[in-house]
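These are my notebook entries on one structure. I set down what I looked up, topic by topic.

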Amino acid sequence: MMFSYLFFKGCTIPASLPNVEKLALEVLPEIGINLIESDEFTCCPDPIRLKGANQYFWMSTAARNITIAEEKKLNIMTLCNGCENTLAIVNHKLKNNPALKKTVNEALKNIGREFKGTIKTRHFLQVLKEDIGLDHLKKMVKTPLTGLKVAGHPGCHLLMPNEILKFDNPVDPEFYDQYIEALGATPVDYLTKADCCGISLALAGDKEASSRCVKTKLIDMQLSGAQLISTACPSCFNQFDSGQLMASRDYPQLKEKPIPVLYGVELLALAMGRSLEDIGYNLHRVKIPIKIKR
Amino acid sequence: MKVLRLKYEKNEITKKNKAIEVCFKCSTCSKFCPITQHVKKYNLEDSFITQLFEAEKPEALNDVWMCCACEKCVITCPQDANPTEVFTNLKEKSYQEGLAPSIVYRLVEQLLQESTVYSIKFANMIRKRAGLKEVKKNEKAVKELNVLAEKTGLERKEVN
């Protein structure tokens, strides 16, 4: 059975992780997710800086993206925690608050659009959880990642607001570890699993604080015996990839034992028979060899 | 331990964020905030959240833009005061008054020129290396965003 979704690519993946975009289009249909592309989408817009600039504009632009899917009568699937955070919050608020919906539609009227509240938005992990099911995913895995110790990083933006996203336990998230297990690998436990990656500290100008934040997590991951990190948020991915390199300039313990990071879709691709070369591993910044049992 | 003193006058921020009134200054939020944890100038005695709530002109504090809405403060607050929502409103005020970091104004300009927060030209260079087709600027989408910007009062500011 195929689940069809309109593919919301966002900004970070098409611009800085294009191999992930390519992999998603190639591998997700193999596990039952049919992705339809659109060139009408704009930036979601992001739930941190553009939301802070003007909340009315933020809501209207997100609603505009949703109306594109409503016209095509398709649900949206995104690969980015930030995009899902924005789209889910706006979708939920407009569906449940008639006054807010009216205000946003007043803005959308000027571009010939109207938010109706007829579709759902999902992150790819939510599609796996709710549509495909992890048990079914496990059966579809071709090359289980047996023996691979993976430190899952759930990130922040798929967890809260919990009453809207309803995806995982925000205090002690467990879904990402279950996903790692379904692919045959071994999720490792570490103290700071639910901590923020800290990339926004660098984006706001404090690179030292950002390095300190990511280093705390990386040391914990080292101590837990992780061979790999995995996350399904592109910002967090960048923090653990180029961010790890930057932090290792200040912290020699990181330089001595680098841990590569794989995006959720890249990990899936490995479990579906692809090699490190196939997934575009050479485009990563931290690219030490990974032993995968075949 | 320094007590979190909230200015409970009915100023603009408290009017818009009624939840602050239930804050009883337990500082639990500060213990879990990554900004207080990792940014050198803050500590538990003098946390990011404390400094913001006590400032005369909180919207002038650039550091409010460090908040990425991880919502650890929201998860842990025993009173459901939702500090994150307050910070989003503070960001908005700081942006309107021209006090936000220049990167934010630049992002808005980029968005209103290409409908993306990345430069299409540079993205295409990276995409070519990965063997992906080019992204093309969608003129209609750009026009629509500019109309929305006008109708929603999104301020624009020229920055270098």
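How many residues of chain A are in contact with how many residues of chain B? I count 51 residues of chain A in contact with 50 residues of chain B. I note at the outset that this is a predicted model.

**Entry: the interface by area**

I looked up the area buried between chain A and chain B and found about 4,500 Å². Carbon and sulfur atoms give 65% of that area. I then asked which residues of chain A lose the most area to chain B. They are A:Arg49, A:Phe57 and A:Met160, and together they account for 13% of what that side buries.

**Entry: polar and charged pairs**

I looked up the polar contacts between the two chains, and the count is 18 residue pairs, with both residues at pLDDT 80 or more. For salt bridges across the interface of chain A and chain B, the rule finds 5. I recorded one pair in detail: the side chains of A:Glu208 and B:Lys40 meet in a salt bridge at 3.8 Å, N to O.

I next listed the elements that give two or more residues to the side of chain A that touches chain B. They are helices H1 (12–16), H2 (18–27), H3 (49–53), H4, H6 (98–108), H11 (199–203) and H12 (207–223) of chain A. The largest share of that side, 6 residues, comes from H4(A).

**Entry: nonpolar cores**

Which residues of the largest nonpolar core touch the most other members? This core has 71 residues, and I find B:Ile35, B:Phe48, B:Phe87, B:Tyr95 and B:Leu154 in that position. Helix H4 (residues 55–72) of chain A gives the largest share of this core, 8 residues.

**Entry: a sheet in chain A**

In what order do the 4 strands of the open sheet in chain A lie? I read the order as E6-E5-E7-E8, with parallel pairing. Strand E6 (186–187) and strand E8 (261–263) are the edge strands, each pairing on one side only. I looked up the link between strand E7 (residues 228–231) and E8(A): 3 bridges join the two, which run parallel. Within E8(A), A:Leu262 is the residue that A:Ser230 stands opposite.

Note on methods: Residues numbered from 1 in each chain as written. Chains lettered and ligands numbered in written order. Predicted model: local features only at pLDDT ≥ 70, side-chain atom pairs only at ≥ 80, totals over all residues. Heavy atoms only, no water. Core = buried A, V, L, I, M, F, W, Y, C linked by side-chain atoms within 4.5 Å. Buried < 20%, exposed > 50% of the residue type's maximum accessible area, 1.4 Å probe, protein only. Pairing = 2+ DSSP bridges. Contact = heavy atoms within 4.5 Å. Buried area = accessible area lost by both parts, 1.4 Å probe. Salt bridge = Lys/Arg side-chain N within 4 Å of Asp/Glu carboxyl O. Polar contact = N/O pair within 3.5 Å; in protein donor to acceptor, adjacent residues only side chain to side chain.
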